[in-house]
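Colleague: Please show me the model. I would like to go through its rings, core, strands and backbone.

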Amino acid sequence: MGGTSNSLVYTYVAAAVPVISGLSPSSGPVSGGNVVTVSGVNLAGVLSVRFGVNSATVLSNTASEVVVVAPAGVSSSVGVTVTTVGGTSNSLVYTYVAAAVPVISGLSPSSGPVSGGNLVTVSGSNLAGAISVKFGNNPATVLSNTATVIVVSAPAGPPSATTVTVTVTTAGGTSNPLPYFYVAAPTVNDLSAHLGPATGGNTVAVFGSNLTSASAVSFGGIPATAVLVVSDSQLTATAPAGAGTVVVTVTTPGGTSTPATGNPYYTYLGAPVLTGLTPSHGPDLGGDAIVLGGSNLTYTDAVTFGGVRAPFAAVSDTQVVATSPGGAPGTVNVVAHTPAGNSNTLPYVYDPS
């Protein structure tokens with residue numbers, strides 16, 4: 001028979017009891033959900049971390065540190081303990097603090113387009129940890145959040161202009177409401193003049209809808225000046241200098257108009273220039289056909305001989321044919337006029353009959 005071997009010693013070692021020395025932070029909201037770091041020794045192999053009788057969710061664990069998500073509690077102080085195979089640690093005090101109710105005092109801006117998407121700054125107090133910011137029943141997208149300021153992207157509103165209330169909800173409750181006005185986008189459907197001088201400076205009436213809150217008017221992206229709102233459907237502005245055909249737009253808190261409807265187009269014209277009259281003289285009884293040569297003559301709207309209006313026809317951008325009116329023998333100035341202004345003058349001689 002083989003028999004029984006010799007013996008070797010095996011030692012059972014009692015696991016060290018965990019000891020905790022710090023909580024960071026040592027207080028938090030009654031709603032829980034905040035991260036708390038528990039420091040100490042002999043913390044490896046944690047079985048549970050309790051805040052009073054409630055278990056926390058363990059995020060990470062080493063021999064000297066346990067990181068947890070605090071459970072919800074009530075407004076009071078509780079003992080935090082850590083349990084491992086070595087037993088349960090000493091207790092450290094953690095205080096649940098009731099969150100203050102948020103208060104909002106301002107919205108900037110306090111109006112915006114029904115399409116939403118604009119940035120709104122909500123100011124007030126006790127705003128940290130915002131759970132939601134609502135415009136009416138619609139939640140906004142929170143972009144940044146401090147105890148005194150929340151910046152959000154406004155949600156879309158109702159299809160027509162209306163006022164809704166903005167509220168902020170945190171763990172402390174829901175704030176007081178403040179009004180926010182959804183503004184319908186402006187439209188431009190016509191202009192009092194669709195032609196004007198390249199130098200600008202002329203007054204143009206703009207017709208459309210939702211123009212009351214106009215903050216800017218532009219001609220092809222160039223700002224107009226002296227904007228004056230006449231009514232919700234009309235305003236006037238001084239045209240800036242420009243070139244070519246451009247779109248006139250109006251900007252309000254509801255957005256910027258688009259050229260989807262009507263005729264919001266404005267064409268800049270070069271000043272008319274006369275270079276010759278053929279013939280340059282005729283009978284004082286008038287009635288002769290006079291060819292005015294030059295440039296920028298397409299939109300000619302008047303021809304005068306010594307201030308007397310003459311019948312005419314614009315043949316091209318370089319030629320206008322006018323019928324000379326009667327006049328006293330002598331020399332008079334011939335002028336062509338377009339929406340860009342008066343041309344230079346050329347002399348025409350009336351011959352005595």
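Modeller: Start with pairing: two strands pair if DSSP finds at least two bridges between them. Strands are DSSP runs of E with at least two residues, numbered from the N terminus. This is a predicted model, where local features need pLDDT of at least 70, side-chain atom pairs count only at pLDDT 80 or more, and totals for chains, interfaces and linings use all residues. Residues are numbered from 1 along each chain as its sequence is written, and side-chain values use heavy atoms, with hydrogens and water left out.

Colleague: Why is strand S27 (residues 234-238) largely enclosed by the rest of the structure?

Modeller: Buried means under 20% relative accessible area, exposed over 50%, partly exposed in between (1.4 Å probe, protein chains only). S27 is largely enclosed because, of its five residues, the number buried is four.

Colleague: Which residue of S27 stands opposite valine 204?

Modeller: Strand S23 (residues 203-209) runs antiparallel to S27, joined by five bridges. Strand S26 (residues 225-231) also pairs with S27 in the antiparallel sense, over four bridges. S26 and S27 form a hairpin with two residues between them. Valine 204 faces alanine 237.

Colleague: How many aromatic pairs does the structure hold?

Modeller: Rings of Phe, Tyr and Trp (its six-membered ring) pair if their centres lie within 6.5 Å; planes under 30 degrees apart count as stacked, over 60 as edge-to-face and the rest as tilted. Ring pairs also link Phe51, Tyr94 and Tyr96 into a cluster. The number of aromatic pairs is eight.

Colleague: Why is the pair of tyrosine 266 and tyrosine 268 edge-to-face?

Modeller: Tyrosine 266 is buried at 0% relative accessibility, and tyrosine 268 is buried at 7%. Their ring centres are 5.1 Å apart. The pair is edge-to-face because the planes are at 80 degrees.

Colleague: Which residues have the most contacts inside the largest nonpolar core?

Modeller: A nonpolar core is a set of buried Ala, Val, Leu, Ile, Met, Phe, Trp, Tyr and Cys residues joined through side-chain atoms within 4.5 Å. The largest has 18 residues. Strands that each supply at least two residues of this core include S14 (132-135) and S20 (178-183). The residues with the most contacts inside the core are Val133, Phe135 and Tyr180.

Colleague: What is omega at the cis peptide bond that joins serine 24 and proline 25?

Modeller: Proline 25 lies in the loop between strand S1 (19-24) and strand S2 (27-29). A cis peptide bond also joins serine 108 and proline 109. For serine 24 and proline 25, omega is about -5 degrees.

Colleague: What is the positive phi of asparagine 296?

Modeller: Asparagine 296 lies in the loop between strand S33 (289-295) and strand S34 (302-305). At 30% relative accessibility, asparagine 296 is partly exposed. Although asparagine 296 is not a glycine, its phi is positive, about 60 degrees.
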